[in-house]
Amino acid sequence: MDVTKLDETGTEAPEFNVGALVDAHPVGMLLSALGVGYVLGGGLFTSLTRRLLGTGMRLGFQLAVLPALEREVAGMVGAEDGGPPQ
């Protein structure tokens with residue numbers, strides 16, 4: 001028999017099972033706990049956070065934006081030469 005919990009309005013309340021989340025995603029939960037502890041410990045407005053965000057933005061730009069720009073430029077050069085766009 002399936003037993004469900006009902007909230008005040010009579011609808012089914014979602015259950016939050018931390019143990020199941022830890023079993024399913026142990027590394028993600030560990031990193032989440034580390035992030036929450038870092039923020040609650042006052043590390044949000046520090047020079048380390050500024051350096052980490054700067055490095056992350058730089059890597060994100062290099063990995064996402066530059067290849068897209070290279071494809072666009074290659075497509076424009078191919079279109080000017082009369083060749084098919086790549």
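The mean pLDDT of the protein is 84, and 79% of the residues score at least 70; pLDDT is the predictor's confidence in each residue, from 0 to 100. This is a predicted model, in which local features need pLDDT of at least 70, side-chain atom pairs count only at pLDDT 80 or more, and totals for chains, interfaces and linings use all residues. Residues are numbered from 1 along each chain as its sequence is written, and side-chain values use heavy atoms, with hydrogens and water left out.

**Whole chain.** Begin with a cartoon view: the protein has three helices and zero strands, in the order α-α-α from the N terminus. Helices (H or I, at least four residues) and strands (E, at least two) are DSSP runs, numbered from the N terminus. Colour next by pLDDT: among the elements, α2 has the highest mean (94) and α3 the lowest (89). Where pLDDT is low, the predicted coordinates should not be read in detail.

Now display the surface. The protein exposes about 7,600 Å², 67% of it supplied by carbon and sulfur atoms; accessible areas come from the Shrake-Rupley method with a 1.4 Å probe, and for residues only the protein chains shown count as cover. Of the 86 residues, 5% are buried (buried means under 20% relative accessible area, exposed over 50%, partly exposed in between).

**Helix α1.** Select residues 18–24, the helix in which V18 lies. V18 is partly exposed because its relative accessible area is 42%.

**Helix α2.** Move to residues 26–40. The 15 residues of α2 should span 21 Å at 1.5 Å a residue, and the end C-alpha atoms are 21 Å apart, which agrees; the expected span is 1.5 Å times one less than the number of residues. Select V39 in α2; V39 counts as partly exposed because its relative accessibility is 43%. After α2 comes G42, with a positive phi near 90°.

**The nonpolar patch.** Select Y38, V39, L44, F45, L48 and L52, which form a nonpolar surface patch with about 610 Å² of accessible area together. The elements giving two or more residues to this patch are α2 (26–40) and α3 (47–80).

**T49.** Finish in helix α3 at T49. T49 is buried, because its relative accessible area is 10%. Beyond its neighbours within four places in sequence, T49 is in contact (heavy atoms within 4.5 Å) with Y38, G43 and L44. The C-alpha atoms of T49 and Y38 are separated by 9.8 Å.

Definitions and conventions. Buried < 20%, exposed > 50% of the residue type's maximum accessible area, 1.4 Å probe, protein only. Patch = residues over 30% accessible without salt bridge, like charges linked within 9 Å, V, L, I, M, F, W, Y side chains within 5 Å. Salt bridge = Lys/Arg side-chain N within 4 Å of Asp/Glu carboxyl O.
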